[in-house]
Amino acid sequence: MNKDRKKGLKGRIRFDGGKSLPVTSWFPKVFHEIFFMEREARVILCVVLFFLSLFILTLGEGSFRRTRNNLTVGVFSGSYWDVQNGNTYKIVDDAIKAYEKKYPNIKVTYESGVIKSDYTEWLNERIMSGSMPDVVFILGQDFSSLAEMGALKNLNGLVNKDRSFDKDAYFSTAWKAGEYEGKQYALPYECAPQLMFVNKTILDKEGIRMPEAGWNWSDFYRICRNVTTTGESADEKQYGVTGYDWNCAFNANGVDFFEHGNEYVDFSVPGVTESLELIEKLNELNHGYKVSEADFSEGNVVFQPMPFSQYRAYKSQELHIKKYSGFEWDCLTMPAGPNGDNVSELDTLCIGMSAGTNMQAEAWSFMKLISSDPDIQKEILEYSDGLSVVRDVTLSDEASHMIVGSSKGTFNMMMLEKATDNSVVAPRFRGCSEVKEQVDLAVRSILEGEANIETEQIIWNREINNYLQTLN
Amino acid sequence: MWIAGSDGRLPDNQILVRMPEFFMRILLMLNFLIIITMSAFMVRSLLGTVHSGEAAAFLEAAGHVPIEAGKIPVMVVILYSSLVILTTVICNNHWELFAKACGECILVAAISVTLGMGYTGAMFLVIADVIRYKIDWKERALYIVSVSMLYIIMNTEMVWKSLNIIPVDVYWTYYSIDFRGLLTAGFSTLKLINIFVFIFYVVIIALAQMSEADRIYSLNLKLQAANSQLEKYAKESAHNAEIQERNRLAREIHDTIGHSLTGIVTGIEASIMLMDIDAGAAKKQMQAIEEVARAGITDVRQSVRALRPDVLENNKLEDALKKIVNDMRASTGVDIKYENLAHLEGMSEDEEDTVYRIFQESITNSIRHGKATRIECFMRREENYLHITISDNGIGCKDVTQGFGLHHMQERLNLLQGELNYSGENGFVVDVKIPVRWGKEKWND
């Protein structure tokens, strides 16, 4: 104590003329040492501590790794397309095998057993606890939020630097699926366009010819009107379409309704009114009856939009008997609107890289392998229900054999190519599903309202934009 | 820390210095408490969120990846330590103070960002640290305004959004509604206490400075009063001295010259009458009158002693002579040479006065009447005389008539039985011999 006091006195006189905080007994001894340091030393200590805290902030899980030869992958089990699939992990395992053969000193691991419905939560937990895998599969619904929160690495630099990588090898819409606000955050892995399922049995019964690939709304409406019968008995009930909503109509009529993401929407862009009118007309055919998916399964509806993966799943032998077995069915492109083309949505499963990875080069080469290697991509056609995102793989003769096979229907590779090429990326932004519900509500009340469509549009435009503002 | 002096009381200035320091330390402790508690609850929230499978909901609400749970308290403690150390650094100028304030703001901002802007009150620490410097209140106001602006900006929602900061409220969503209310209320209370302590601190600093200013002002007033009193006293005493001196002179004249003259006049009257009757008696009478006259001279000399030149009153003769030479040289620009080979110690006061007057008068005459540009003063001892020669290169004077100056000199010398010679042929030369009544031993050595 006595010694301290002596030291303290000396320090105060020497360094700041006794103007500094008088050191008191409640300070731990280590602080005494700090207070009697030279003034400059104290300033330097402050700066060092500040940078130390910044350094701690940048530490990722990888920083503590003993060795840098373990690449982790975030993977979910089962099919992305919500159909039963016995080949869980098959493609990933093969990709890992190929990768480890090429880079023998790197080990690729993943946590198995995470099912698709838990995958979002699992991934978010890993992100929050700072242990995000180096490479992750990204569900379509999660992509924008992951990109926005900064969990994904911007791949632009890697894409431009890697000369062996050719982004034009992908379907352009599939490539765009990995883009967020002009930056590439993910590579496409597997995709499936939306197609129009057609009940051929009804068409044959009514003597209507199967439409061509380039069919339009007037063909569509004519067929629906002709087949619709609303008789008393259950057998006589027959409807035109189910599940053809405003989203399908907007896509077909060239309306990019969510062009401005979650900032604002505009009901007054050209094409919206026609789309709504079509839906209104289609609804009027049913005299107030809500046609459901079950009606289609039972064979009472001609058209239903469905993803290509459903076609793959139920055309194959094993699942054929489970659904849609009571009637003949086939696929078509979506009908074109007066201002648009035969455009449909393309659902794409992507893979991205953790923003905090310290194995960037390794992660990139793995992503590149699984996303663009023809052998791996071919396995998608073989073991999954989607399409390869690589054009040449999907459009090869071998693929054609696997996809269309021996089926005698009108659906062919030309139609598939057209559907995929003409596709658009499904809207993805924060709060997208909620906004879609709002638009659903708006469309329903516009159609059911007494006033004319234009007036209702203005009212609902304001309503939805108000809602969007609460999101931001 | 609040140790009283040996008499059990603190001196005023110590209280003023220590009180703000005391509150500053309370502020530092309180801020640490708030920061560490908040980071603890944030960590609990993050770990709990992951544990209970609400990570997706959390990230959806947050919109950004939060800082990992373990890092938050470590970073906050490191940043806060840095801040505390920085507050102990004393600045010597405005630049240093400005740099320090900026550094503190950066640290506080970093802490606030780490805590999801849940606590920005550490900004008060920066203000508290700055205003304890004794700078202008205007400059202080400038600092306070700038830091407050920063504080307001940091509390603006727009800023969080653009900086991708997850607001602390998102962390609190983990807790149940009831607990969340408790948590928010608890932190609000702590923040309020922090503000109260800060206000107290500012008031005490202001009071301390005001009382200091008051003290200086009252001391100044007292000083002014004392000064004018002194001036009055000085004037009075000068006046008194004048009156005293006049009275003394009057008394002296009356006692000495008046006395002697009366005696002389009476004696001479008697002598006149005796002259015809008895010449011998008259002669005797005359001798008596001479005695009286001589006594009178002695008396006058004694009175005049009080009227010596000031310079001699305070200095030795040698120094006074040098001073007069130097002063004349400086004021007139005439080249005056002064050389003294004699010892001047042991001279009586009237002798010193005479020598001084001779120098003064001769130099003045040379300059005034002779228009001399060069004067030589030489003083030496020759046997039992002090011999002074003062010569110049001026226009001199063919027919010297004794003016008052030379006459006065002559009179003074006569009293000492000295000898005065002068000549105006070649410039003007004054030659004085004064019999020495002092320091004979020295000469004999």
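Two residues are in contact here if their C-beta atoms, placed from the backbone, lie within 7 Å. Keep that cut-off in mind for the views below, which show a predicted model.

**View 1. Where chain A touches chain B.**
The contact draws on 33 residues of chain A and 32 residues of chain B. On the chain A side, the elements giving two or more residues are α2 (29–35), α3 (39–58), α5 (116–128) and α6 (140–148). Of these, α3(A) puts in the largest share, with 11 residues. Sorted by class, that side of chain A has 16 nonpolar, 9 polar and 8 charged residues.

**View 2. Helix against helix: α3(A) and α3(B).**
Two packed helices are described by the angle between their axes and the distance between the axes. For α3(A) and helix α3 (residues 71–87) of chain B, the axes come within 9 Å and cross at roughly 165°. Angles over 145 degrees count as roughly antiparallel, and α3(A) and α3(B) are therefore roughly antiparallel to each other. As for handedness, α3(A) goes past α3(B) in a left-handed crossing.

**View 3. The residues that meet between α3(A) and α3(B).**
From α3(A), look for A:Arg42, A:Leu45, A:Cys46, A:Leu49, A:Phe50, A:Leu52, A:Ser53, A:Ile56 and A:Leu57. Their counterparts in α3(B) are B:Lys71, B:Val74, B:Met75, B:Ile78, B:Leu79, B:Ser81, B:Ser82, B:Ile85 and B:Leu86. Split by class, the residues of this contact come out as 13 nonpolar, 3 polar and 2 charged.

**View 4. Helix α14 of chain A, enclosed.**
Helix α14 (residues 308–315) of chain A has 8 of its 8 residues buried, so this helix is largely enclosed by the rest of the structure. The buried residues of α14(A) are A:Phe308, A:Ser309, A:Gln310, A:Tyr311, A:Arg312, A:Ala313, A:Tyr314 and A:Lys315.

**View 5. A strand pair in chain A.**
Strand β1 (residues 70–74) of chain A has 4 of its 5 residues buried, so β1(A) too is largely enclosed by the rest of the structure. Its partner here is strand β2 (residues 107–110) of chain A, and the two pair in the parallel sense over 4 bridges. To get your bearings, find A:Leu71, which stands opposite A:Val108 in β2(A).

**View 6. Chain B as a whole.**
Chain B has 15 helices and 5 strands. Some 27% of the 445 residues of chain B count as buried. Take the contacts in chain B between residues at least 6 apart in sequence: 71% of them join residues at least 24 apart.

Technical notes: Residues numbered from 1 in each chain as written. Chains lettered and ligands numbered in written order. Predicted model: local features only at pLDDT ≥ 70, side-chain atom pairs only at ≥ 80, totals over all residues. Buried ≥ 20, exposed ≤ 12 C-beta atoms within 10 Å, placed from the backbone. Nonpolar A, V, L, I, M, F, W, Y, C, P; charged D, E, K, R; others polar. Axes fitted to C-alpha atoms, helices over the stretch in contact; angles between N-to-C directions. Parallel < 35°, antiparallel > 145°, perpendicular 65-115°, else oblique. Left-handed = near helix turned anticlockwise from the far one by under 90°. Pairing = 2+ DSSP bridges.
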